[in-house]
Amino acid sequence: EKPFVPEDLSDRVHAVVRRAKAGQSADIIRAHDIEIDLKRRLVSRLAGRVPTTVEDPLLARAAVALVVVPDPDALLLIRRAERPGDPWSGQMGLPGGRSSPADAGLLETAIRETHEEVGISLLREELVGQLDDVAPRSPHLPPLMVRPFLFVLSRRPVVTPNSEVAEHLWVEWASLAHPESYRSHFIRLGETVREFPAYHVSPIPVWGMTERILAPLVALLSRD
């Protein structure tokens, strides 16, 4: 399964805007401009970047979706429902889950799981990029690889969580990028208290694998 590498779409994006503006109201034009500006920034930063992939037959495969919307720029986070036996129970995360044998690939996994968990139907043309694969570093977590896919939508969709999702939250990029949001979070693991980097942008800090997915992207977008 080849990684998705976005090309430089600047000229194509501008052409889409020109066509979209024809005969449309000021509000619709503004919405298109906001969406295109956000997508252009993301694509320009990801253009030509080959994501790091983890190809280990001993790891289960999973995928998540980073769903970004404009006006204001925001990312969808979910809090997983409390479930016995789930190592990520009650934690903040991204919509997604394990691959199914019926999935054509991990992109299809991310699209399918997002629809199942939060009721959002993602389109392939909304895909902006593939981020680096991540895998748990703790022996206490299941052996699996997670592949993140980044989508940019034209507007904020209705979110309909299923039983696996306790709540959802749209977090503005400005909050994620704020220096005071990114700081230590202390977790008790057995008899030991450990320190982890985390985003303090929700009632429950965003840490672990989700932090490892978000941090490189936030840094990339914050770069001058």
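This is a predicted model: local features need pLDDT of at least 70, side-chain atom pairs count only at pLDDT 80 or more; totals for chains, interfaces and linings use all residues.
Strands are DSSP runs of E with at least two residues, and helices are runs of H or I with at least four, numbered from the N terminus; two strands pair if DSSP finds at least two bridges between them. One of the bridges joins R188 to V193 in β9.

Two residues lie between β8 and β9 in this hairpin, and G190 in the turn has a positive phi of about 70 degrees.

## Helix α5

The 14 residues of helix α5 (residues 209–222) should span 20 Å at 1.5 Å a residue, and this agrees with its end C-alpha atoms, which are 20 Å apart. The expected span is 1.5 Å times one less than the number of residues.

Ten of the 14 residues of α5 are buried, that is, under 20% relative accessible area (1.4 Å probe, protein chains only). Among them are M209, T210 and E211.

## Nonpolar cores

A nonpolar core is a set of buried Ala, Val, Leu, Ile, Met, Phe, Trp, Tyr and Cys residues joined through side-chain atoms within 4.5 Å. The largest has 33 residues, of which L66 and L176 touch the most other members. Elements giving two or more residues to this core include β1 (60–69), α4 (173–177) and α5. Its largest share, eight residues, comes from α5. Another core, of 22 residues, lies apart from it and includes L76 and V118.

## Basis of the values

Residues are numbered from 1 along each chain as its sequence is written, and side-chain values use heavy atoms, without hydrogens and water. Local features need pLDDT of at least 70 and side-chain atom pairs count only at pLDDT 80 or more, whereas totals for chains, interfaces and linings use all residues.

Methods. Buried means under 20% relative accessible area, exposed over 50%, partly exposed in between (1.4 Å probe, protein chains only).
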